[in-house]
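Visitor: Hi, could you walk me through this one?
Guide: Happy to, let's take a look together.

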Amino acid sequence: MGCGVPRTQIVEPPVSSHKPEQRHLFVRGRDFHFVTYDGQPANERRGEAAVPPMWFLMGPAKRWPVMPHVVGQSDEDVEKAMMTWLTAQGLGRLPKNAKAG
């Protein structure tokens with residue numbers, strides 16, 4: 001028998017199945033640290049579009065979106081795409097006339 005105290009139900013938000021991944025690429029003597037983050041649903045009230053799970057380049061107190069995170073994508077394909085992105089940002093391969101070391 002009840003004692004007159006109402007019961008409350010605790011409802012928790014759905015748990016994401018996203019498992020963070022990390023990669024380090026060493027290019028031209030620098031360590032580039034990439035981390036995956038879970039996607040975000042759209043927020044119509046704020047006018048924000050949905051964002052898929054993404055790879056981000058990590059920096060001091062900042063992160064930059066790099067490319068979508070595709071579950072099951074091979075390590076080779078991920079690293080190749082990251083290198084392509086770094087090169088497009090001017091951070092990748094050495095210029096043709098430059099000497100390494």
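Guide: Here is a chat about the fold, the surface and the aromatic rings of this predicted model.

Visitor: Which helices and strands are there?
Guide: The protein has one helix and four strands. Going from the N terminus, the order is β-β-β-β-α.

Visitor: And how much of the protein is buried?
Guide: 21% of its 101 residues count as buried. The accessible surface is about 8,400 Å², and carbon and sulfur atoms make up 54% of that.

Visitor: What about contacts between residues 24 or more positions apart?
Guide: Those make up 32% of the contacts with a separation of 6 or more.

Visitor: Switching topic, how many aromatic pairs does the structure hold?
Guide: There is one aromatic pair. The ring centres of Tyr37 and Phe56 are 5.4 Å apart and the planes stand at 90°, so the pair is edge-to-face.

Visitor: Where do Tyr37 and Phe56 lie?
Guide: Tyr37 is in strand E2 (residues 30–37) and Phe56 is in strand E3 (residues 54–59), so the pair ties together parts 19 residues apart in sequence.

Visitor: Is Phe56 buried or exposed?
Guide: Phe56 is buried, with a relative accessible area of 13%. Tyr37 counts as partly exposed, at 29% relative accessibility.

Visitor: Which ring faces does Arg63 lie over?
Guide: Arg63 lies over the face of Tyr37, 3.9 Å from the ring centre. Arg63 also lies over the face of Phe56, at 4.6 Å from that ring centre.

Definitions and conventions:
Residues numbered from 1 in each chain as written. Predicted model: local features only at pLDDT ≥ 70, side-chain atom pairs only at ≥ 80, totals over all residues. Heavy atoms only, no water. Helix = DSSP H or I, 4+ residues; strand = E, 2+ residues; numbered from the N terminus. Buried < 20%, exposed > 50% of the residue type's maximum accessible area, 1.4 Å probe, protein only. Contact = heavy atoms within 4.5 Å. Areas by Shrake-Rupley, 256 points an atom, 1.4 Å probe, with all protein chains shown as cover. Phe/Tyr/Trp six-rings, centres within 6.5 Å; stacked < 30°, edge-to-face > 60°. Lys NZ or Arg CZ within 6 Å of the ring centre and 35° of its normal.
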